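This report is written for a reader who meets the structure here for the first time. It goes from the whole chain to single residues and the pairs that they form.

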Amino acid sequence: MRLHILVACFILLSVNLVHAEDNRPNFLLVVADDLGWTDLGSFGSEIETPNLDKLAKQGLMFTDFHVSVSCSPTRSMLLSGNDNHIAGLGNMGELLTDNQKGKPGYEGHLNDRVISLAEALREGGYHTYMAGKWHLGHETGSLPFDRGFERSFSMLMGGASHWSDMLGILPRDDPAAYSSNGKHLDKLPADHYSSKSFADFLINSIREGRGDEKPFFAYLAFQAVHDPVQVPEPWLSKYRGKYDDGYEVLKKRRWEAAKKLGIVPQNAELAETNPLIKPWKDLSEDVRALEARGMEVYAGMLEAMDYHYGRVINFLKDIGEYENTIIMFLSDNGANPWYSAEYPGATEPEFSNQFDNSLENIGHPRSNYAYGIGFASGSEGPLDKFKMTVGEGGIRVPLLVSGPGIKGGRRIEAFTYVTDVMPTILELAGVDYPDKYKGRKIEPMRGRSMANLLKGTKNAVYSEDEFVGGEMGGGKWMRQGDLKAVMVPEPYGTGKWQLFNVVADPGEAKDLSSSMPDKLEALKAAWDRYAKEVGVVAP
């Protein structure tokens with residue numbers, strides 16, 4: 001009799017524990033690709049993004065959130081909670097120099113020194129789903145399926161056509177590689193369009209995994225708005241004529257909108273126009289038409305992405321999971337300044353002859369057009385520079401967060417970093433970070449949990465005395481409090497260290513290095529310590 005009572009108590013306790021675990025929040029982590037800081041309506045854009053603007057209004061809107069300068073380094077930090085030089089993407093795999101190849105932290109894929117966010121959550125009792133761009137390894141053993149995602153449909157490269165043709169954006173990645181649930185794909189459905197198809201897959205994965213009522217982690221890594229700029233109707237035609245005034249007008253308009261919204265100080269200045277940007281007035285009529293058309297299609301792509309994100313949100317509401325889902329949205333870096341022809345090998349006839357980049361075909365299948373440095377600068381509004389640089393326009397991006405337990409309706413002005421996302425999610429999920437995984441030792445996370453910031457019990461993650469920095473492609477930055485030391489290599493920068501108060505001067509228009517030389521030297525010394533800690537190998 002006593003034994004039966006003990007067994008019954010054990011069963012009841014087990015049921016209660018499972019029930020408690022089932023009440024943990026779901027997570028929807030959404031990443032846009034190459035989104036400029038002011039491209040969302042909530043950050044001052046003229047582009048219609050109603051679903052993401054609603055997320056910003058009801059949740060938290062971070063205005064001083066930072067990432068790396070390009071896709072894969074940021075994604076490695078996002079999914080590891082660690083520095084990209086430790087996680088395997090000290091440089092993009094496509095850009096590894098001879099002296100970096102084979103060095104620790106430069107494997108070109110998410111390495112075994114870290115555990116992925118999906119691996120940790122799956123071990124902790126979560127379903128794990130991914131749809132979208134991976135860019136953390138395209139060989140078997142490095143696919144999303146191999147790194148903790150039980151269901152996945154991914155474009156594995158840095159960029160590709162958004163249609164079903166699988167065309168790459170540079171010869172070495174053509175045709176583009178895709179995988180589904182650990183298997184490489186030879187073709188895509190005829191009706192494939194990236195934003196739609198990735199949203200569809202994620203919705204279906206969540207629906208099919210509901211039987212056991214385990215919580216889920218869903219990673220929606222949109223390929224948009226990465227080039228080539230491509231989108232179906234009605235978005236393809238919606239913004240015609242909107243950008244005929246050119247990129248200088250757009251940048252000034254976004255700068256003024258950001259001040260009006262209060263996301264930059266009223267006296268914030270614009271930095272001088274980058275000398276690589278040709279004045280709009282000096283362009284021929286044909287070139288202006290092509291430039292404006294690229295921005296029109298880009299705007300349509302972003303609105304389409306917002307629409308398909310909204311479909312996922314509506315689905316969560318329909319199945320009764322929305323109220324128990326924490327949603328995070330960010331971009332992986334700033335707007336892309338490269339034209340398509342500037343990619344390595346992109347002008348080789350055998351490759352380039354596949355495309356029709358006429359004005360009439362921009363946005364359609366078999367176009368391969370990126371909108372270039374002028375409109376990339378415009379997308380950043382008050383911020384200087386863009387993707388591939390450690391200027392604020394390259395590494396400061398939107399972060400929006402909403403969900404249960406989060407004190408919403410607030411703007412967060414505290415400095416935060418992409419490595420902070422994973423420890424935050426793990427804390428909110430009640431999942432511990434392990435010392436070992438599958439018998440191997442795991443590096444401790446460098447990021448900090450933002451959980452108390454989200455709950456409103458603290459107003460900062462880092463103290464005014466702490467240093468946080470980064471590096472990619474020779475670009476260097478180090479932050480302490482409001483001050484940032486930065487070195488942007490040529491051709492986009494001077495190649496010299498500069499010092500800015502990026503809270504008062506987010507546009508990095510006023511170099512303080514001559515008036516605060518001791519502070520600059522202290523930040524440079526902190527960067528040297530950081531580089532040694534994480535194993536930076538200079539290109």
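Helices (H or I, at least four residues) and strands (E, at least two) are DSSP runs, numbered from the N terminus. This is a predicted model, in which local features need pLDDT of at least 70 and side-chain atom pairs count only at pLDDT 80 or more, while totals for chains, interfaces and linings use all residues. Residues are numbered from 1 along each chain as its sequence is written, and side-chain values use heavy atoms, with hydrogens and water left out.

## The chain as a whole

The chain has 15 helices and 17 strands. Its radius of gyration, taken over C-alpha atoms, is 23 Å, close to the 24 Å that the globule rule (2.2 Å times the number of residues to the power 0.38) gives for 539 residues, so the chain is as compact as a globular protein of that length. Taken along the principal axes, the box that the C-alpha atoms fill is roughly 95 × 60 × 45 Å.

Of the 539 residues, 59% count as buried, where buried means under 20% relative accessible area, exposed over 50%, and partly exposed in between (1.4 Å probe, protein chains only). The accessible surface comes to about 21300 Å², and 52% of this area belongs to carbon and sulfur atoms; such areas come from the Shrake-Rupley method with a 1.4 Å probe, and for residues only the protein chains shown count as cover. If contact is taken as heavy atoms within 4.5 Å, then among contacts between residues at least 6 apart in sequence, 74% join residues at least 24 apart.

## The nonpolar core

A nonpolar core is a set of buried Ala, Val, Leu, Ile, Met, Phe, Trp, Tyr and Cys residues joined through side-chain atoms within 4.5 Å. The largest such core holds 171 residues, of which Leu28, Phe62, Phe217, Tyr219 and Phe329 touch the most other members. Helix H9 (residues 285–318) gives this core its largest share, 14 residues.

## Loop residues

Histidine 135, in the loop between strand S3 (127–133) and strand S4 (151–155), has a positive phi near 60° although it is not glycine, and it is buried at a relative accessible area of 6%. Glutamate 508 has a positive phi near 50°; this residue is found between strand S17 (497–501) and helix H15 (517–534) and is buried at 7% relative accessibility.

## Salt bridges

The structure holds 28 salt bridges, each a side-chain nitrogen of Lys or Arg within 4 Å of a carboxyl oxygen of Asp or Glu. Some of them are listed here.

| Pair | N to O distance |
|---|---|
| Arginine 147 and glutamate 119 | 3.0 Å |
| Lysine 238 and glutamate 303 | 2.9 Å |
| Glutamate 392 and arginine 396 | 2.8 Å |

Arginine 147 lies in the loop between S3 and S4 and glutamate 119 in helix H5 (residues 117–123), so this pair ties together parts that are 28 residues apart in sequence; both residues are buried. Lysine 238 in helix H7 and glutamate 303 in helix H9 are 65 residues apart and link distant parts of the chain. Here lysine 238 is partly exposed, with a relative accessible area of 39%, whereas glutamate 303 is buried at 11%.

Glutamate 392 and arginine 396 are both buried.
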